[in-house]
Amino acid sequence: MTETMVARDQRPRERRLLGPFVVAGSLALASGVLYLRDPHVDASWGRCPSIALFGLACPFCGGLRAMNDLTNLRIVDAFFSNPLLVSAVPLVLAWWISVVRDRWTGSTRPWMFPVQRGVVAPVLIAVCVAFSLYRNLPIGAAFYP
């Protein structure tokens, strides 16, 4: 019986974990700033360029309000501010945990989901475009900023 060779990252564990924890710390800091400066106050963070230029909501419109609502544990309010962002949070969290686990063990797995390379970006772009179209139609008005 032959054993398959598994590639391992030989860097020290602290060095391998630096990237994921810098990302987590940056997101925690940004969430804290959003907690302190409420984006629900009109124009407290400026105007959305997409709405200002075209009068249309982009897929990221309402994202600051959604993150503020999530830091205040108002999940339903967050969902109505930006359902795409709120729906993505569990997926991003699962991906981050997978990266931390792989970095902890030194594994060099290329991706946590069983997908072909080159598929993820087009799917994400299609989802963002579809969400933008939906939220700018009358039926999606509930999700308009």
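A charge is said to sit over a ring if NZ of Lys or CZ of Arg is within 6 Å of the ring centre and within 35 degrees of the ring normal. The tour below returns to this definition at its third stop. The structure on display is a predicted model.

**Stop 1: the whole chain**

The protein has 145 residues, of which 23% are buried.

Two of them may be examined individually. Select residues 79-99: this span is 95% helix and 0% strand, and its end C-alpha atoms lie 26 Å apart. Then select residues 119-137, where the chain is 89% helix and 0% strand, with 27 Å between the end C-alpha atoms.

**Stop 2: helices α1 and α5**

Display α1 and α5 and hide the remainder. Two packed helices are described by the angle between their axes and the distance between the axes. For α1 and α5, the angle is about 165° and the axes are 8 Å apart. How are α1 and α5 oriented to each other? Angles over 145 degrees count as roughly antiparallel, and α1 and α5 are therefore roughly antiparallel to each other. Their crossing is left-handed.

Now select L17, which lies in helix α1. With 10% relative accessibility, L17 counts as buried, because buried means under 20% relative accessible area.

**Stop 3**

Show the side chains of R13 and W104. The charged end of R13 sits over the ring of W104, at 3.9 Å from the ring centre. This is the arrangement defined at the start of the tour.

Which kinds of ring contact can be found elsewhere? The structure holds two aromatic pairs. F21 and W96 form one of them, an edge-to-face pair with 5.6 Å from centre to centre and 90° between the planes. F21 belongs to helix α1 (residues 13-36) and W96 to helix α5 (residues 83-105), so that the pair links parts of the chain 75 residues apart. Is F21 buried, partly exposed or exposed? Its relative accessible area is 43%, and F21 is therefore partly exposed. W96, at 22% relative accessibility, also counts as partly exposed.

The other pair is formed by F79 and F80. Select these two residues: their rings are edge-to-face, 6.0 Å centre to centre, with 90° between the planes. F79 counts as partly exposed at 33% relative accessibility, and F80 counts as partly exposed at 43%.

**Stop 4: helices α3 and α5**

The axes of α3 and α5 come within 9 Å and cross at roughly 55°. α3 and α5 are therefore oblique to each other, and their crossing is right-handed.

Select V86, a residue of helix α5. V86 has a relative accessible area of 12% and is buried.

**Stop 5**

Move to L73, in the loop between α3 and α4 (75-81). Most residues other than glycine have a negative phi. Is L73 buried or exposed? At 71% relative accessibility, L73 counts as exposed, because exposed means over 50% relative accessible area.

**Stop 6: helix α6**

Finish with F131, found in helix α6 (residues 120-136). F131 counts as buried, at 10% relative accessibility. Select N82 together with F131 and draw a line between their C-alpha atoms: the two residues are 49 apart in sequence and 9.9 Å apart in space.

Note on methods. Residues numbered from 1 in each chain as written. Predicted model: local features only at pLDDT ≥ 70, side-chain atom pairs only at ≥ 80, totals over all residues. Heavy atoms only, no water. Helix = DSSP H or I, 4+ residues; strand = E, 2+ residues; numbered from the N terminus. Phe/Tyr/Trp six-rings, centres within 6.5 Å; stacked < 30°, edge-to-face > 60°. Buried < 20%, exposed > 50% of the residue type's maximum accessible area, 1.4 Å probe, protein only. Axes fitted to C-alpha atoms, helices over the stretch in contact; angles between N-to-C directions. Parallel < 35°, antiparallel > 145°, perpendicular 65-115°, else oblique. Left-handed = near helix turned anticlockwise from the far one by under 90°.
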